[in-house]
Amino acid sequence: MSLSGVHRHEATSRTRATGPEPNGQPLRARHTRARFVGIVVCIALVLTDIALAATAARAALGGQTESKSAACVPTAEGPVPLDPSSPGFVAVLQADLPSGFVDEEFVISCSSPDITYKTAVFLRRPATATRASGVVAVEALHSSGIWGMQTLLQPYFVAHNDSHVGVAASHDVVEGLLKKANPTRYASLDVPAAPEATNEILAGVGALLHQRRDPLFPGARVKSAILGGWSQTAVVTRTFISSPHANATVGSRRVFDGFFPGQAAVGSSGGSQVLPIPDVGVPVVELQGERELLVTASVYGSLGYRRPDSKTYRLYEVAAMSHINNESDNPVSAFAGSLTCDWPAGATPSTFRQTDIWDMAFDNLARWISTGVVPPRAARIELEPDGKTPKRDANGNALGGVRSVSVDVPTASITPTSLAPGGIVKNPCAYVGYQRDLSPEQFQQLYRTHAGYVEHVTNDTKRLVRQRFLLPANARELVTRRGTIQRLAMTRPPR
């Protein structure tokens, strides 16, 4: 089947960013049995395939970052039509298409002395071009078949009318995922199994987005193209930043206006130590949880990703955050609840609100790029004299780092990973944190009453909003979840 023509999938049911779907459940919390199976498959692939990102990382990290032009600005065909006999690729855990948005598929191709390829990109954007914010989040497809940023940030994207571009950016993804999903539809795709192919393809997508006549977003202006990812694809993003492609230009403009590597699996990807991200002249917000810190220190004996903040770089190291949590509206949370791990008696999967952190970090980056408002600096997680063990408070939670209600107004002691003898990659419990709830006596000693606890939560969320480590909408929801309907006087200007 040829890859040509027009494919546009209009949404037919109205869905708000954080509001209820027709069945009354929040957008992030709606799961079917099939999606739960997808979660298990996804995580199983994470455990076995995460080393793919490490191979690319070893090829590029520590390399030169001199400026270069994009090797080739690809041509784009599409949107590509869909029909019942030839379904397109659907990612694992892909959220339902929200009202007012469209899904589109394009084929991009490039032929130059440096590289020749043909691959697919997948767009989710506002259906009306004039509604689009101009912020475009770009990420490579994870080898498990998941769009990490879209999965974790879709409600935020919808609320802000941001667009998402997913790229099949590697030989293994094209051959192992797209062609297996539909051998006929994707038969003509071809990506070389070369170390720099992923960087070339991603740079080409950035170049397309910044063309005066952008074929992917006709009628809309791309103001900020942000390359990012979660876990394995955050390693892909770090690799890109540390390569010459990070300084690639099309015309006089950089191919990406900023970078957002989130929870890069630097400690579980194998191979050589991952180095700090270099300054590349555009804003970078790097998000690492306490779990990434612990695993990196366990594998390498040091924290090679750490570096000082700068005029263009922020590191957000988040106390108590696991790689995967059991919060109710995180799409991958069912995996955490499905595990049986060798935890202390009475422990349960951590319910730390990871998605609030992702929303905050991406929002700070987007504002930095679009308005020049510099994000706040955050302290690093405090360490014992050995340089790799977090210092802990009287409740067992880490000190320092990006703070949250979970650690500053605690109801539990949170351990963000299980470093079991079975190994970091082979043991799925290493991806999931656990918590031990405080006793009634401890709770009473801290807060006296439930009303006292809610007052502490309210005050802490106000502080975090002022410091720009929590979005106002998430703060209001958090306080409501903690047992009050008090309205918080928290506002933030449009991004």
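Hi everyone, let's start with a pair of side chains: Arg463 and Asp460 meet in a salt bridge, 2.6 Å from N to O. By salt bridge I mean a side-chain nitrogen of Lys or Arg within 4 Å of a carboxyl oxygen of Asp or Glu. This is a predicted model, where local features need pLDDT of at least 70, side-chain atom pairs count only at pLDDT 80 or more, and totals for chains, interfaces and linings use all residues. Residues are numbered from 1 along each chain as its sequence is written, and side-chain values use heavy atoms, leaving out hydrogens and water.

Back to our pair. Arg463 and Asp460 are three residues apart in helix H12, so about one helical turn separates them. Helices here are DSSP runs of H or I with at least four residues, strands are E runs of at least two, and both are numbered from the N terminus. Asp460 is buried, at 9% relative accessible area, while Arg463 is partly exposed at 23%. Buried means under 20%, exposed over 50%, and partly exposed in between, with a 1.4 Å probe and protein chains only. The two also belong to a salt-bridge network with Arg403 and Asp408.

How many salt bridges does a search of the whole structure find? It finds 18.

Another one joins Arg306 to Glu317, with the closest N and O atoms 2.6 Å apart. This pair links distant parts of the chain, 11 residues apart: Arg306 sits in the loop between helix H7 (290-300) and strand E12 (313-318), and Glu317 is in strand E12. Arg306 is partly exposed at 23%, whereas Glu317 is buried at 0%.
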